[in-house]
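Here is a friendly walk through one protein model. Take a moment with the sequence and the 3D view before reading on.

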Amino acid sequence: MAARPYASVAALLATGDALARQWQGDALQAALAAHPRIGERASGSDKQATPSCGEQSAMQQADRSLQQAMQQGNQAYEARFGRVFLIRAKGRSAEQMLAELQRRLQNEQQAEQQEALDQLREIPCYGWRRA
């Protein structure tokens with residue numbers, strides 16, 4: 001925090017990434033507590049729901065069979081890992097998100113926790129890094 005104002009967007013992102021790398025399982029659980037399932041409409045106030053709906057627009061536009069496969073995958077993921085599946089949806093197609101879900105279902109608990117943390121760090125920064 002003492003580095004504010006940051007010299008550049010890259011410096012801000014690097015600081016945020018370094019802080020997020022200190023997160024452990026409890027931080028992940030807290031961060032995911034209000035996160036909507038991929039492919040489901042976000043609930044809550046408009047202020048909370050709008051970003052998730054925008055990020056997940058590819059899944060919202062997918063055909064019914066793909067949406068059903070994602071719903072079944074979400075259920076399998078939650079049964080296996082005890083938390084909602086998290087992926088940076090922005091910039092990914094519905095097919096890519098489903099393929100990632102299916103791949104990550106094969107992870108061991110610790111490896112999947114790390115992947116989820118990596119995705120959580122990537123979500124707010126994706127647009128900045130692509131700009």
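On the face of α5 turned away from its buried side sit the exposed residues Arg64, Gln72, Gln75 and Ala79. Here exposed means over 50% relative accessible area, buried under 20%, and partly exposed in between, with a 1.4 Å probe and protein chains only. This is a predicted model, in which local features need pLDDT of at least 70 and side-chain atom pairs count only at pLDDT 80 or more, while totals for chains, interfaces and linings use all residues. Residues are numbered from 1 along each chain as its sequence is written, and side-chain values use heavy atoms, leaving out hydrogens and water.

What lies on the buried side of α5? Leu66, Met70, Gly73, Asn74, Tyr77 and Phe81 are buried there. Seen down the axis of α5, these buried residues fall within an arc of 110°, so they line one face of the helix; the arc is that of the directions from the helix axis to the C-beta atoms. Just after α5, Gly82 takes a positive phi of about 75°.

In α6, the buried residues are Ala94, Met97, Leu98, Leu101 and Arg104. They cover an arc of only 135° around the axis, which puts them on the same side of α6.

Next come two helix pairs. Axes are lines fitted to C-alpha atoms, for helices over the stretch in contact, and angles run from 0 to 180 degrees between N-to-C directions.

| Pair | Angle | Axis distance |
|---|---|---|
| α6 and α7 | roughly 150° | within 11 Å |
| α5 and α7 | about 120° | 11 Å |

α6 and α7 are therefore roughly antiparallel to each other. Angles over 145 degrees count as roughly antiparallel, under 35 as roughly parallel, 65 to 115 as roughly perpendicular and the rest as oblique. Glu100, Arg103 and Arg104 of α6 meet Glu112, Glu115, Ala116 and Gln119 of α7 in this contact, where contact means heavy atoms within 4.5 Å.

α5, by its angle, is oblique to α7. Tyr77, Arg80 and Phe81 of α5 make the contact with Gln109, Glu112 and Ala116 of α7.

How many helices and strands does the protein have? Its secondary structure comes to eight helices and zero strands. Helices (H or I, at least four residues) and strands (E, at least two) are DSSP runs, numbered from the N terminus. Buried residues make up 34% of the 131 residues in the protein.
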